[in-house]
Amino acid sequence: LGAGAWAAIVVWVETDLWRVAVPLGPSFLSILGIILGLLLVFRTNTAYDRWWEGRRLWGQLVNVSRGLSHQLAASLPGDDHAARRARYTQLFTDFAAELAAHLRRPANTEGGHRPNQILAALHAEVQADLVAGRLSPQHRIALAPLLQAFDDVLGGCERIRNTPIPFSYSSYIKQFVVLYALIMPFGLVREFGYGTVIASMFTFFATMGLELLATEIEEPFGTDINDLPLDTIAAVIGRD
């Protein structure tokens with residue numbers, strides 16, 4: 001609406017009040033449009049890469065949790081190890097839930113690191129079963145990559161959370177979009193007349209919409225509708 005109002009003022013001044021058009025043609029707008037388009041493509045791709053990497057990491061967490069639980073379930077069969085199986089089940093469930101809560105908190109605000117503490121407990125439980133003979137030495141080789149994968153997922157998610165898009169970059173694109181919207185009516189008024197109002201509104205909606213879309217998805221671990229469904233994925237891990 002603001003872009004349309006500005007365009008209407010420009011058209012009215014140039015066609016009805018002064019009847020003198022500012023010499024800015026469509027070619028100049030095309031040059032600016034190419035630059036703006038490249039910036040917006042890079043911006044949206046960067047934001048989506050962060051969102052998709054977060055989804056890929058949580059998908060990896062689902063697979064690793066299932067794989068490790070399958071290995072432990074096969075290695076600790078029968079009712080004799082029901083308590084041990086329940087302990088591992090609790091650790092898997094707690095890790096997914098605590099990781100979701102950890103990622104939703106601002107960096108460097110929590111006193112303890114609950115996901116890391118749970119992983120330490122998981123390693124300790126596996127080591128205890130190895131020492132007690134409930135797991136054979138061969139299991140150490142099979143379980144080590146799966147245990148390490150939990151740390152890889154944790155580190156990857158923290159990298160996304162702790163490395164936001166630079167503020168100056170996103171701020172510059174917003175300024176460029178607004179500047180483009182301010183200049184556009186001067187380049188279209190000769191050809192479109194009052195149709196410039198509609199053209200300006202749609203163009204501003206498209207360009208600023210892409211920037212706001214990138215802002216919305218670049219932080220994938222929140223609780224908004226466009227963020228990753230961490231609670232649902234954590235519930236799937238606990239159920240499985």
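Trainee: Which residues lie nearest the centre of the largest pocket?
Mentor: Keep in mind that this is a predicted model. The largest pocket holds about 230 Å³ of space. Its lining counts 16 residues. Those nearest the centre are Ser69, Arg85, Thr89, Phe92 and Asp240.

Trainee: How many charged residues are in the lining of the largest pocket?
Mentor: Sort the lining by class. Six residues are nonpolar and six are polar. The charged residues number four.

Trainee: How many charged residues line the second largest pocket?
Mentor: This pocket has about 150 Å³ of space. Its lining includes Leu103, Pro106, Ala107, Pro220 and Phe221, along with Gly222 and Thr223. Arg104, Arg105, Arg161 and Glu219 line it too. By class, the lining has five nonpolar residues, two polar ones, and charged residues numbering four.

Trainee: How much space lies in the largest cavity?
Mentor: A search of the whole structure for cavities of 30 Å³ or more finds one. The space in the largest cavity is about 30 Å³.

Trainee: Which helices each supply at least two residues of the lining of the largest cavity?
Mentor: Start with the lining residues. They are Val177, Tyr180, Ala181, Met184, Ser200, Thr203, Phe204 and Thr207. Five are nonpolar, three are polar and none is charged. The helices that each supply at least two are H6 (167–192) and H7 (195–217).

Trainee: Are H2 and H8 roughly parallel or roughly antiparallel?
Mentor: Two packed helices are described by the angle between their axes and the distance between those axes. H2 and H8 pack at about 10°, with axes 10 Å apart. Angles under 35 degrees count as roughly parallel. So H2 and H8 are roughly parallel.

Trainee: Which residues of H8 make the contact with H2?
Mentor: Arg55, Trp58, Leu61, Val62, Ser65 and Arg66 of H2 take part. By class, the contact has eight nonpolar, one polar and two charged residues. On the H8 side, the residues are Leu230, Ile233, Ala234, Val236 and Ile237.

Conventions:
Residues numbered from 1 in each chain as written. Predicted model: local features only at pLDDT ≥ 70, side-chain atom pairs only at ≥ 80, totals over all residues. Heavy atoms only, no water. 1 Å grid on protein atoms, 1.4 Å probe; cavity = no way out; pocket = protein on both sides within 12 Å on 5 of 7 lines; lining within 4 Å. Points joined across faces, edges and corners; volume = space filled by probe spheres on them. Helix = DSSP H or I, 4+ residues; strand = E, 2+ residues; numbered from the N terminus. Nonpolar A, V, L, I, M, F, W, Y, C, P; charged D, E, K, R; others polar. Axes fitted to C-alpha atoms, helices over the stretch in contact; angles between N-to-C directions. Parallel < 35°, antiparallel > 145°, perpendicular 65-115°, else oblique. Contact = heavy atoms within 4.5 Å.
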